[in-house]
Amino acid sequence: MNKKGLAILMRARMRPSDPSKILLSPLAEKVNRVAPDNQANQSGGSGMEPASENGNEQTNFSCRNKRPFELVKESMHSAISMNKTEVLDDVLNDFTEGYFSLSGESRKALLLSLAKEYDLNRAQVRELIKQYLGLELPKADPAEEGNVVEESSLSAFYRIERNLRHALKPAYEVLFERLNTHPGGLKFLSILRADILSILAEENIPSLRALDSYLKEKLGTWLSPATLELHQITWDYPASLLEKIVAYEAVHPISNLLDLKRRLGVGRRCFGYLHPAIPGEPLIFIEVALLKTVAQTIQEVLWDDPPILEHEATCALFYSISSTQPGLAGINLGKFLIKRVITLVKREMPQISTFATLSPIPGYMQWLLSKLASQLKLAETDDATDTSSDQSGSSFWENILEPEEERALLNLSEEYKAMTNGMEVMFNLLTTNDYTWTNSPELLSVLKPPLMRLCAR
């Protein structure tokens, strides 16, 4: 194994599960040491015994965390309110480094403080709306030349509208804007939003949801396709970047270095969006297979060895797309990435005429089997109550098969003809333990039309 391969392997194995656990600067480490030092000073001078295990745990937590939390909160306030640009970078550094030093509970408290204390001034908004509604719309006079009177009467509208736009911006927008232009700030904002989403997954807090919505909108603007760089990622890229491809592949895990090298080699392509503010780390990447025809299963893509010659390919199959930043959830970078890649592949290989995706459809079989089982149960109930043979007596009964699909399933063999209807045949075939239908051309030809149609439904 060469040095590059070893580096990728070691990095992938040693990657921390928490992306926020990065190396901290001396400033952050100093903040981190405040709590234990403070606690030692409090207990050392009094000669008191440590609090018992049954004591007030919340009080102990507050004592341990108050000092670093207050320092970070103070730096956050300074980052929002300060106008001295010459020291602003130092303040933002203090805030971002201090934030990483906080525990999960302290981070939550800080984010709630940001969402509530630096929200917009609703009293001011209400007053401006009241003033706006009190204005009388000017009446248009066709005979008036120059519209001088109308322009002067609209000046009050323009003034209040300008003030209203300003009042509707929460104070935390200043923090987001300043971090976006700060070195490493965009990556920090992504981590910040990941923390917000993690909190909201457990508890629906309206103020925090509003904060998330605002930050998501800002990130969507700053990460527009015009600001992103499209890279074709190859084996020649740095090991630190390739390690991230291995670590963040979310659809079809990369099993080893040979698998990675193959996905970046002949007959394959890997493209990623990178942002200048987050160098060396793709925000999202997509894997493409060059084939003669559209593959029917992922195994054809992953086990295609050796791959076909690229000049013989007529199909580009997108078989995996992965995001590396949890904090960018809901920001649709994938759609833009696919469009850019299609344009690039067409330019490089004009013979490629078919572009397709091969994606799993979670929940489809669960829905289909549940649907079939419920309809079969209804059919049994109707038979027990002597309902007519077409099951029209139940308003809940529905034959989800087309007439020609029904006939094809019942005519498969004598064994199936004895069954009640085509849905029963289909249910039995799909629930066999050995999935024999997947290896039978005859069964596949009969099952494919209803499976495809019901999948679209």
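**Figure 1. Helices α16 and α19 cross in a left-handed sense.** A crossing is left-handed if the near helix is turned anticlockwise from the far one by less than a right angle, and right-handed if clockwise. This is a predicted model: local features need pLDDT of at least 70, side-chain atom pairs count only at pLDDT 80 or more, and totals for chains, interfaces and linings use all residues. Residues are numbered from 1 along each chain as its sequence is written, and side-chain values use heavy atoms, with hydrogens and water left out. Helix α16 spans residues 403-410 and helix α19 residues 441-456. They pack at an angle of about 145 degrees, with axes 9 Å apart. Axes are lines fitted to C-alpha atoms, for helices over the stretch in contact, and angles run from 0 to 180 degrees between N-to-C directions. Helices (H or I, at least four residues) and strands (E, at least two) are DSSP runs, numbered from the N terminus.

**Figure 2. Side chains where α16 meets α19.** From α16 come Glu405, Ala408 and Leu409. From α19 come Val446, Leu447, Pro449, Pro450 and Arg453. Contact means heavy atoms within 4.5 Å. By class, six residues here are nonpolar, none polar and two charged. Ala, Val, Leu, Ile, Met, Phe, Trp, Tyr, Cys and Pro count as nonpolar, Asp, Glu, Lys and Arg as charged, and the others, Gly among them, as polar.

Figure 3. The whole structure holds nine aromatic pairs. One of them joins Phe100 and Phe188, edge-to-face, at 5.7 Å centre to centre and 85 degrees between the planes. Rings of Phe, Tyr and Trp (its six-membered ring) pair if their centres lie within 6.5 Å; planes under 30 degrees apart count as stacked, over 60 as edge-to-face and the rest as tilted. Buried means under 20% relative accessible area, exposed over 50%, partly exposed in between (1.4 Å probe, protein chains only). Phe95, Tyr99, Phe100 and Phe188 form one aromatic cluster.

**Figure 4. Tyr132 and Phe157 also pair edge-to-face.** Their ring centres are 5.5 Å apart, with 85 degrees between the planes. Tyr132 belongs to α6 (residues 122-134) and Phe157 to α7 (residues 148-167), so this pair ties together parts 25 residues apart in sequence. Tyr132 is partly exposed, at 29% relative accessibility. Phe157 is buried, at 6%.

**Figure 5. Helix α11 is mostly covered.** Seven of its ten residues (239-248) are buried. They are Ala239, Leu241, Leu242, Glu243, Lys244, Ile245 and Tyr248.

Figure 6. Lys218 is in α10 (residues 206-222). Its relative accessibility is 15%, so Lys218 counts as buried.

**Figure 7. Gly185 in helix α9.** Gly185 is buried, with a relative accessible area of 0%. Its C-alpha atom is separated by 8.0 Å from that of Ala277, 92 residues apart along the chain.
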